[in-house]
Amino acid sequence: MLTEQGFARAISRLGKQFMSLSPLYEVQVTQVYFNSLMTNMAYGGARYIGTGRGFATSRLSFSTLFSRFSDSSIYFGARLMMLLTFFSAAYWKWPVLYFWISIAAMLITPFLYNPHQFVLTDFILDYRDYLRWLGAGNSSSNTNSWISHCRLTRIRITGYKRKRLGERTPTTGFISRAHKANIFFTEILLPIIMALVMLIAYTYLHSVSNVQEAENNGGEVNSTLIRVLIISLAPIVINFAITIAFFFVSIGLGPCCAMCMPQFGQVIAGIVHTIAVIIYIACFFLLWVLEGWNIAPTILGIICQVFVERAIFAILQHLLLSREFGEDETNVAWWTGR
């Protein structure tokens, strides 16, 4: 362009690219390409989708964008953002700002380029629909819900049960599950390796302070590894117990309360999910207190918690879960008691 249209036009075009945040878009597109390639190699399912030649830009709701880009870029970007937060808290340098911009692109670009994203009325409607999306699918089957999004992600691994007599075909169609050998490294071994790396980093960070603590306490020192494992496993155990307890509440009260409260399952599920969020917030503050109000090791401890739980859920999900039913009967029955 510099040789064809001149220096001024080339600089003007480059300035427009930066003003439109085009570099952020390129980071997002590259990550989506990479995730699509890895997913197709592990699970298969690559196919041609005809897009036509019409005007393809349209506005999508926040929940739709989140469900489409969560696995490809948002979750991965969130984990990188946590690591970058720890690095910035422990060793801040101005060049780190470049990585903040690059990683933030994975989180905000799907919403930044959504048409009319910053219109107040559309934002309020998006927020309302997002709250409904989080709670939908627990009183009756709903394909446009958070639980349905989780099931679709899990079905690639577990697959569907064989269709029973009189059962409707799922709206997504029956999806063949991936072979265990194809996903062993990316979905099972890699999360375990990352969890071990984070645990080693956490224990190494406390190695100097543990030596000083042992000298001051006559050789006695608190195990940082046991501390972070407790912080990681405690929410799983507590949430499991709470879920079982509310299951019996649903069995006892669900059939009666559902007659006067059609959204009984959604209410019970909302209570359990809210308690789970509170438990994770409490674990953060507990770890913060145990770290002596030092934010850097606290952040690294939370990172360990995320990666350890991700490894645990990967093992449970890939090795122990059975095939899914065609419709969401199990989830609805759990929360409604019917």
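Q: Which residues is Phe86 in contact with, once its neighbours within four places in sequence are left aside?
A: Phe86 is in contact with Leu205, Ala296, Ile299, Leu300 and Ile303, where contact means heavy atoms within 4.5 Å. The model is predicted, so local features need pLDDT of at least 70 and side-chain atom pairs count only at pLDDT 80 or more, while totals for chains, interfaces and linings use all residues. Residues are numbered from 1 along each chain as its sequence is written, and side-chain values use heavy atoms, with hydrogens and water left out.

Q: What is the secondary structure of the protein chain?
A: The protein chain has 13 helices and 0 strands, counted as DSSP runs (helices H or I, at least four residues; strands E, at least two) that are numbered from the N terminus.

Q: Why do Leu21 and His116 receive the classes they do by relative accessibility?
A: Leu21, in the loop between helix H2 (7–19) and helix H3 (22–43), has 35% relative accessibility and therefore counts as partly exposed. His116, in the loop between H5 and helix H6 (120–135), has a relative accessible area of 53% and is therefore exposed. Phi of Leu21 is near 60°, a positive value in a residue other than glycine, and phi of His116 is likewise near 60° and positive.

Q: What makes up the largest nonpolar core, and which element gives the most to it?
A: A nonpolar core is a set of buried Ala, Val, Leu, Ile, Met, Phe, Trp, Tyr and Cys residues joined through side-chain atoms within 4.5 Å. The largest one has 26 residues, and those with the most contacts inside it are Phe86, Tyr202, Ile303 and Cys304. Two or more residues each come from helix H8 (180–205), helix H10 (224–260), H11 and H12, with H12 giving the most, 9 residues.

Q: Why is H11 called oblique to H12?
A: The axes of helix H11 (residues 264–290) and helix H12 (residues 295–319) come within 9 Å and cross at roughly 140°. Angles under 35 degrees count as roughly parallel, over 145 as roughly antiparallel, 65 to 115 as roughly perpendicular and the rest as oblique, so H11 is oblique to H12. In this contact, Tyr280, Cys283, Phe284, Leu287 and Trp288 of H11 meet residues of H12 including Ile295, Ile302 and Glu309.

Q: What makes H10 oblique to H12 as well, and which residues form the contact?
A: H10 and H12 pack with their axes 9 Å apart and at an angle of about 55°, which makes H10 oblique to H12. Val228, Ile231, Ser232, Leu233, Pro235 and Ile236 of H10 make the contact with H12 residues, among them Gly301, Cys304, Val308 and Phe313.

Notes: Axes fitted to C-alpha atoms, helices over the stretch in contact; angles between N-to-C directions. Buried < 20%, exposed > 50% of the residue type's maximum accessible area, 1.4 Å probe, protein only.
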